[in-house]
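Hi,

Here is the structure I promised to pass on. Have a look at it first, and then read my notes below.

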Amino acid sequence: MALERINEREVRLSPIITDEEVRQLRIGDHVLVSGAIYTARDAAHKRMCDTIEAGGELPIDVRGQLIYYVGPTPARPGRVSGAVGPTTSMRMDPFTPRMLAAGMKVCMGKGNRGPEVRQALEKYTGVYLIAVGGAAAMLSQFVKSIEVVAYADLGTESIKRMVVADFPAIVMDDCYGGDLLTEGRRQYRDQSTLGSYVPSERVVIAAG
Amino acid sequence: MREIHVDAIQETIARLCIEATHSLPSDVREGLRRAAQTEKGPLAKKVLADLIANFEIAERQMVPLCQDTGTAVVFVELGQEVHIVGGNLEEAINKGVSRGYGEGFLRASIVKNPLTTRDNTKDNTPAVVHYEIVPGDALHLTVLPKGAGCENMSRFANFLPRAGKDAIVEFVLRTVEEVGGNPCPPLVIGVGIGGTAEFAMALAKKAIFRGVGTHNTDEAVAALETEMLTKVNALGVGPQAIGGITTALAVNIITHPTHIASLPVGVNIQCHSARSKTAVL
């Protein structure tokens, strides 16, 4: 069983992950990720998507997988891992629908996703998690091993297989169209203090 | 004339790169601790607790605070009575960055050609260096390892000279709201008002390391800082944009005289890992 419910709002999740399991996750849920996951950033996503388009075979089997957007720092001698916090997920937005179409079930990074990714999460039954951005030293404690498995020439941007144990994350966007950013702002916005300021409908389309 | 050898500069820069990426300034720590007390959202409270745990673990276990150990932005305040000897100042700074990022096991994140090949320089050089010539015979060196996640969210706008403060407040609010979780809130927001376009952006960057909990000495500007901070936190974005009342720890404004026809405003966004370290030679 790849999903184990700890309590109402907390689950332990391990790849391989099924549609059925993705459907059990809702925005704001705590997720403890355990087992083997893969890392990839911009450059690796570009290569993988170019490969998909060319009809080639991906260097990793992404079906049922979790991909973590991270470029770790080098580990000090004697340590398993360097700092391993998430990078800005939006840079992966142009690639994410194709990765979901290829069978990826979960992606994990930081920040918001654009509408095309949120729609793709609904269409392909996927989920987007955030790890706490900038908590990279804290997160390194949950990493049990890291090894480069593809695109070694990309250095910190290579694809790595990372074994984690109870690596903490939060569901930001679920497969029902739920978005924690929108929900959070609705709940905590204090319009009386903001006065005449009109909330922005647009959420982040700045580059980066 | 006081002589300072480039070797001392190189060594200092290397040390500052390592210290800045592992040890968060005390004013930022205090800001995060205060926020953890006042935050109302349960999820947001948990995130703030994680951030506090993070700076404690980073320092204790010598793991970088963030995997993005940044562009090495270096502010140099060179006393005009100082004579640099033994080599070239900027070369010494870059040798220091190369050494610091290597010896500190920091991530090399700089690509040589921004447009075409984007090949990594492998040692995080070159640094971005800002120079200021000041009176006296001291050399102040500040290293600000600037992560791209927040740096990419920075903005600039020219306002009509009489647009007034409300337009600037709205610009800051809109920026913070639209960038959402990308720059890793809670933020330190640097605002540069006045000068020229490039100067306002530099002021905004400088405003970041003025410190959390400090205020501009001009009362009206200090009041504007308080107003902006209160309103930014009323947006409800919260830590990591998951909802909450802690979206920023500080809004720091620096102003400068400007042209009769101008009101340039630069906004530099800094994540909660507001890293910087200064040394005086």
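Let's start with helix 1 of chain B, residues 6-22: its 17 residues reach 25 Å from the first C-alpha to the last, close to the 24 Å expected at 1.5 Å a residue. (That expected span is 1.5 Å times one less than the number of residues; helices are DSSP runs of H or I with at least four residues, strands are runs of E with at least two, and both are numbered from the N terminus.)

Before going on, please keep in mind that this is a predicted model, where local features need pLDDT of at least 70, side-chain atom pairs count only at pLDDT 80 or more, and totals for chains, interfaces and linings use all residues. Residues are numbered from 1 along each chain as its sequence is written, while chains are lettered from A and ligands numbered from 1 in the order in which they are written.

Back to helix 1 of chain B: its buried residues include Ile9(B), Ile13(B), Leu16(B), Cys17(B) and His22(B). Buried here means 20 or more other C-beta atoms within 10 Å of the residue's own, with C-beta atoms placed from the backbone. Among the elements covering those buried residues are helix 3 (42-61), helix 4 (89-103) and strand 2 (71-79) of chain B.

Chain B is assigned domain 1 (2-20 + 65-146) and domain 2 (149-274), with bounds from an automatic or database domain assignment. Their centres, taken over C-alpha atoms, are 26 Å apart. Domain 1 of chain B puts 7 residues into the contact and domain 2 of chain B puts in 5; two residues are in contact if their C-beta atoms, placed from the backbone, lie within 7 Å. On the domain 1 side, strand 5 (residues 139-146) of chain B gives the most, with 3 residues.

Now chain A, which has 7 helices and 8 strands. Its radius of gyration is 17 Å, close to the 17 Å that the globule rule gives for 208 residues, so chain A is as compact as a globular protein of that length. (The radius is taken over C-alpha atoms, and the rule is 2.2 Å times the number of residues to the power 0.38.) Of those 208 residues, 46% count as buried.

And where do the chains meet? In total, 48 residues of chain A are in contact with 52 residues of chain B. Helix 6 of chain A brings the largest share of the chain A side, 7 residues.

Cheers

How values were computed. A residue is buried if 20 or more other C-beta atoms lie within 10 Å of its own, exposed if 12 or fewer, and partly exposed in between; C-beta atoms are placed from the backbone.
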